[in-house]
Every structure is written in C-alpha cells, then in structure tokens.
Amino acid sequence: MRDKKSLIIYFSRADENYAVGYIDKGNTEIVAEYVRDLTGADMFKVEPLVPYSKDYQTCIKEAKERIGNAPIKENLYDISQYEVIYIMTPIYWGTYAPELETAIKDLDFSGKIIRIITTHEGSGLANVVSDVKKICNGATVLDDAIAIKGSKAKEAESIIESWI
Ligand SMILES: Cc1cc2nc3c(=O)[nH]c(=O)nc-3n(C[C@H](O)[C@H](O)[C@H](O)COP(=O)(O)O)c2cc1C
C-alpha cells in the first residue's frame with residue numbers, strides 16, 4: 001500500500017475528550033499523522049462549519065442533533081488522482097462523525113480502495129465499515145479495518161505500521 005498515491009480523509013476533535021481530558025490534538029488526528037508519516041499520503045481534515053462545544057457532554061448532544069445534517073467548512077470534490085483512500089473517524093453515536101459522512105457521501109469512489117481506521121472508547125468499529133460501504137459508491141472497501149482506543153492513540157504507531 002505504501003507505493004500507491006493515497007489520501008487520508010479524517011475527522012477529529014480536540015478539547016474535552018471522553019477519557020483523556022482536555023487535549024490540543026484529537027485522538028484520530030494523532031493516528032492519522034502516523035498513517036501520513038508511514039505512507040506519504042495527503043491529508044484532508046473535515047471541519048464542522050460550526051465548531052463543537054469544548055465541553056464533552058454538550059458536544060455529545062450537538063453531535064446527535066447533527067446526524068444526517070452536518071455542514072462542513074470545506075468540501076472535497078475531486079479525488080481522482082488517488083488510488084487508496086484512508087477514512088479515519090472517531091466513533092460518534094455508533095458510527096462515523098456526522099461531518100465525515102457529509103465529506104464523503106457525494107464523492108466518486110469508482111476504482112478506489114478504501115481502508116478504515118476508527119478511534120473509540122468501547123464500540124470498536126461499530127457500524128462504520130457497513131455505513132462506508134453503503135455510501136461510497138464504486139469503492140472496494142477492504143475488510144481489514146482497525147479500531148484504536150482513543151486513549152491509546154499515542155501508543156498506536158507500531159500497530160499502524162504493521163497494518164499498513
Ligand atoms: C459526540 C461523541 C460521541 C461518541 N460516541 C461514541 C460511541 O458511540 N462509542 C464509542 O466507543 N466512543 C464514542 N465516543 C468517544 C470517541 O469515539 C473517542 O473518544 C475518540 O477517540 C475521539 O476521537 P477524536 O479525539 O479524534 O475526536 C464519542 C465521543 C463523542 C465526542
């Protein structure tokens with residue numbers, strides 16, 4: 001996979017986190033940077049149009065309200081130059097973050113390979129693989145997706161290296 005032209009599409013939120021208190025960089029972003037360093041992939045960070053609250057409990061409620069309607073700051077339109085797309089997301093309410101869905105749902109994935117990494121605090125991959133398969137038309141979604149516990153993101157580099 002290392003020699004294929006790759007793009008990481010990821011969502012990640014800093015601020016108050018479930019298991020690690022207030023953080024400057026989200027867990028998924030930490031893992032996404034390992035993938036970038038190991039593959040040379042380009043990165044696209046999905047940003048909510050309206051930032052989530054810094055407070056965890058408020059963020060939880062906001063995320064639920066955004067399911068199915070989560071505007072983002074900047075859209076990706078053309079991924080035609082890439083062979084492999086890494087989709088990386090925290091688990092929010094049992095699947096990908098709502099903004100991640102907004103970013104990927106209208107892209108043309110024909111002929112692309114998708115690989116998935118989630119970060120979570122207990123749900124693992126949850127429904128992400130099946131939900132990505134439903135919305136990413138034309139893609140080959142590999143069944144080797146991995147889930148990293150968010151609180152262990154900083155220790156995940158060797159796991160990511162052998163997975164890649
Ligand atoms: C809105 C919200 C919903 C979440 N829902 C789940 C969940 O359903 N299952 C789970 O295991 N973790 C859940 N979590 C925990 C996150 O998936 C976990 O902390 C993740 O590593 C956060 O990644 P980030 O720091 O890159 O944003 C949730 C966190 C938030 C903020």
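Which element gives the most to the shell around the ligand, and with how many residues?

Author: The model is predicted, and local features need pLDDT of at least 70, side-chain atom pairs count only at pLDDT 80 or more, while totals for chains, interfaces and linings use all residues. Residues are numbered from 1 along each chain as its sequence is written, and side-chain values use heavy atoms, with hydrogens and water left out.

Helix 2 gives the most, with 4 residues; helices (H or I, at least four residues) and strands (E, at least two) are DSSP runs, numbered from the N terminus. In total, 21 residues surround the ligand, each having a heavy atom within 4 Å of it. The closest are Ser12, Thr28, Ile91, Thr119 and Ser123. By class, the shell holds 8 nonpolar, 11 polar and 2 charged residues. Here Ala, Val, Leu, Ile, Met, Phe, Trp, Tyr, Cys and Pro count as nonpolar, Asp, Glu, Lys and Arg as charged, and the others, Gly among them, as polar.

Several polar contacts (pairs of N or O atoms within 3.5 Å) can be described individually. A backbone N or O atom of isoleucine 91 is 2.7 Å from an oxygen atom of the ligand. Threonine 119 places a polar side-chain atom 2.7 Å from a ligand oxygen atom. For tryptophan 93, a polar backbone atom lies 3.2 Å from a nitrogen atom of the ligand. Of the 650 Å² of accessible area that the ligand has on its own, the protein covers 92%, by the Shrake-Rupley method with a 1.4 Å probe.

Two or more residues of the shell come from each of helix 1 (27-39), helix 2 (56-66) and strand 6 (113-120). These elements belong to a chain with 5 helices and 8 strands.

Key: Polar contact = N/O pair within 3.5 Å; in protein donor to acceptor, adjacent residues only side chain to side chain.
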